[in-house]
Amino acid sequence: MVDYGINFWSNNDFIIEDGVVKIGTQTKPALIDIVKDIRDQGYRGPLLLRFPHLIKNQIDKIFNCFEHSIKEYNYKGAFKAVFPLKVNQMPNFVLPLVELSQDRCYGLEAGSKAELILAMAYTNKNSPITVNGFKDKEMISLGFIAANMGHEITLTIEGLNELETIIEVAKDFNPPYPNIGLRIRLHSTGIGVWAKSGGINSKFGLNSTELLEAIALLEKHNLLSHFTMIHFHIGSQISDISPLKKAIREAGNIYAELRKMGAKNLKCVNIGGGLAVEYTQHPGINHRNYTLSEFSGDVVFSLREIVKNKKEPEPDIYIESGRFIAASHAVLIAPVLELFSQEFDEKALKLKDKNPPLIEELNDLYKSINEKNAIEYLHDSLDHMESLLTLFDLGYIDLQDRSNTEVLVHLLIKKVIKTLKHKNHNEILRIQEQVQERYLLNCSFFQSLPDYWGLGQTFPVMPLDRLNKRPNRSASLWDITCDSDGEIAFDSSKPLFLHDVDVTKEDYFLGFFLVGAYQEVLGMRHNLFTHPTEFSVVLDPDLNKGYEITNILEAQTILDALDDIDYDTKEIERRLKLRIEEREDLNEESKKDLLGRLYVMLSENVYLKTITPLE
């Protein structure tokens with residue numbers, strides 16, 4: 001069985017049984033069966049599958065761990081959390097998130113006016129709202145409206161000018177007022193790609209001098225009693241725990257000092273996000289070097305010790321982890337459209353009655369490979385190919401000879417890999433990188449995996465079935481955009497091997513896992529490829545299949561995609577119709593037929609239709 005590192009990244013959310021990927025709970029339905037069920041309903045192209053039960057799993061994990069640590073260390077403060085909407089604002093994620101967290105003190109975090117409106121509309125009663133990022137007078141006014149609606153809302157101040165605006169807006173509203181939080185600019189920094197979120201030169205927050213000015217302003221305008229929270233954030237995807245522990249010590253001391261200065265209603269420390277997700281499929285390449293229990297324990301213990309020494313009460317702990325909550329709930333399913341080197345089979349070999357001597361030698365090498373001579377013959381064949389290509393450049397062999405050279409070498413390499421498949425040869429891995437199979441996928445990496453393209457973020461990827469068969473092709477993955485960056489190249493340090501399949505006769509699907517955080521909201525419309533067709537898969541053991549497919553949202557049609565970027569689609573249709581009607585060489589029946597075909601295509605979604613397997 002091939003496991004694609006599932007034990008590293010899945011936490012048993014997904015498992016492998018009977019050669020297929022299954023959901024790791026209840027009736028354990030297979031992803032390939034869910035995909036076939038969806039395709040039987042006529043949906044083609046890439047699919048985004050959402051699993052609401054995995055949202056609840058992550059919420060429960062983080063609350064259970066922090067509550068256990070609070071009990072273990074006899075901590076007097078409470079644990080609360082908010083989900084940062086910037087991580088995933090899609091309704092088929094946010095609405096289940098809100099519904100599934102009703103029994104927790106779990107709210108929403110907003111960083112814009114639109115996100116704040118969402119938070120005001122959907123946050124559960126008695127759950128918090130926090131507002132981060134730069135704010136103008138209108139956004140701050142929305143915070144006051146939310147407080148008057150009964151929300152427990154905290155406006156986190158990023159600069160003194162925002163505090164001055166709060167003071168101004170407060171004159172136009174009656175109590176209750178929103179709580180005020182101050183984002184502190186720590187010296188402590190995170191680690192990795194997002195380390196710049198923390199540190200003294202970070203984009204957001206108040207330094208020590210500005211904190212003192214803020215306290216003086218609050219006291220001067222009788223708003224100090226509304227100052228309830230300090231907030232910091234040292235970066236997304238914190239891979240090691242030590243930077244967080246250092247930041248907690250710094251923030252804990254600031255909390256205690258501010259209270260001693262008279263901020264007696266300061267009772268919350270918001271540690272921001274950063275709780276990492278493990279994306280790796282390969283041993284020794286970890287993205288998180290700590291457990292969730294270690295994370296919660298270190299936060300609770302560190303804060304307890306600091307405030308104990310400072311003789312101040314233990315604050316409530318807030319967390320804004322979004323990636324940890326959202327990543328696992330979504331899986332991108334991409335059908336394979338084509339294997340680009342399938343033309344290199346024996347049928348493509350067109351040997352002549354009399355071939356150049358080096359081609360005859362290549363053919364002899366191919367026919368006589370065995371386990372003992374495989375590596376030697378491999379090296380010989382590559383040398384022969386270089387020589388033959390030089391002969392072609394000099395005009396001594398023709399295009400058919402060149403084609404036979406390429407086909408023979410490719411066949412020989414495949415035979416070597418097959419002959420030595422049970423042996424661990426670094427040489428084979430190196431050669432496979434040179435002759436990787438190119439799998440064309442019906443998706444856009446720019447739309448569905450933007451962090452791969454922009455940041456080099458890897459995501460677990462594996463076929464949905466055939467996992468009881470050894471894959472033998474070193475794989476690079478190509479999307480359908482006309483951009484050379486739309487490729488996930490084979491990497492011998494993190495190799496991906498897939499099966500040699502004939503996609504004209506059978507379907508082959510790849511699943512990209514842990515794509516529920518940031519990918520949808522950052523996805524771009526390169527080539528006007530839009531959000532793929534999405535479905536929610538709700539597990540129900542009482543149903544015959546063990547699940548129900550809900551919340552179907554099909555990928556946009558061509559006209560809808562154009563309308564979204566402000567084209568006048570009626571004008572487009574008019575111009576297309578006019579171009580056809582102006583053709584004097586076409587009769588009326590032909591024109592009508594062309595128009596009919598065109599209108600059908602305009603109502604199709606933007607992705608390609610996969611090849612229908614032969615019966």
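**Group meeting: a walk through the predicted model**

Let's start at Ser321, which sits in the loop between strand S11 (316-319) and helix H11 (323-326). The helix and strand labels are DSSP runs numbered from the N terminus, with helices being H or I of at least four residues and strands being E of at least two. Before going on, a word on what we're looking at: this is a predicted model, where local features need pLDDT of at least 70 and side-chain atom pairs count only at pLDDT 80 or more, while totals for chains, interfaces and linings use all residues. Residues are numbered from 1 along each chain as its sequence is written, and side-chain values use heavy atoms, with hydrogens and water left out.

Back to Ser321. Is Ser321 buried or exposed? It's buried, at a relative accessible area of 3%. For burial, the cut-offs are under 20% relative accessible area for buried, over 50% for exposed and partly exposed in between, using a 1.4 Å probe and protein chains only. What does Ser321 touch, if you skip residues up to four places away in sequence? You get Ile62, Val82, Phe83, Pro84, Tyr106, Gly272, Gly273, Gly274 and Leu275, where contact means heavy atoms within 4.5 Å.

Another serine, then. Ser448 is in helix H16 (residues 445-448), and Ser448 is buried too, with a relative accessible area of 8%. Leaving out neighbours within four places in sequence, its contacts are Leu332, Gln519 and Pro532. Glu386 is 62 residues from Ser448 along the chain, and their C-alpha atoms are 39 Å apart.

Okay, zooming out. The protein chain has 21 helices and 20 strands, and its C-alpha trace spans about 100 × 70 × 55 Å along the principal axes. Of its 615 residues, 54% count as buried. And if you take contacts between residues at least 6 apart in sequence, 77% of them join residues at least 24 apart.

Now the helix packing, and here I want to stay on H12. H12 (residues 357-367) and H13 (residues 374-393) have axes that come within 10 Å and cross at roughly 155°. Axes here are lines fitted to C-alpha atoms, for helices over the stretch in contact, and angles run from 0 to 180 degrees between N-to-C directions. So H12 and H13 are roughly antiparallel to each other; the classes are under 35 degrees for roughly parallel, over 145 for roughly antiparallel, 65 to 115 for roughly perpendicular, and oblique for the rest. From H12, the contact uses Leu358, Ile359, Glu361, Leu362 and Leu365, and from H13 it uses Tyr377, Asp380, Ser381, His384, Ser387, Leu388 and Leu391. By class that's seven nonpolar, three polar and two charged. Nonpolar here is Ala, Val, Leu, Ile, Met, Phe, Trp, Tyr, Cys and Pro; charged is Asp, Glu, Lys and Arg; the others, Gly among them, are polar.

On the H12 side we have Ile359, Leu362, Asn363, Leu365, Tyr366 and Lys367, and on the H14 side Asp401, Asn404, Thr405, Leu408, Val409, Leu411, Leu412 and Lys415. This contact has eight nonpolar, three polar and three charged residues.

Seven of the 10 residues of H2 (residues 31-40) are buried, so the helix is largely enclosed by the rest of the structure. Those buried residues are Leu31, Ile32, Ile34, Val35, Asp37, Ile38 and Arg39. After H2 comes Gly42, with a positive phi near 100°. H7 (residues 160-170) is mostly covered, with eight of its 11 residues buried. The buried residues of H7 pack against helix H6 (137-148), strand S7 (152-157), strand S8 (179-183) and helix H8 (208-220).

Phe14 is in strand S1 (residues 14-17) and Phe513 in the loop between strand S18 (509-512) and helix H18 (519-522), so the pair ties together parts 499 residues apart in sequence. Both Phe14 and Phe513 are buried. Tyr290 and Phe295, with centres 5.9 Å apart and planes at 25°, are therefore stacked. Ring pairs also link Tyr290 and Phe295 with Phe63, Phe66, Phe79 and Tyr106 into a cluster.

Methods:
Rings of Phe, Tyr and Trp (its six-membered ring) pair if their centres lie within 6.5 Å; planes under 30 degrees apart count as stacked, over 60 as edge-to-face and the rest as tilted.
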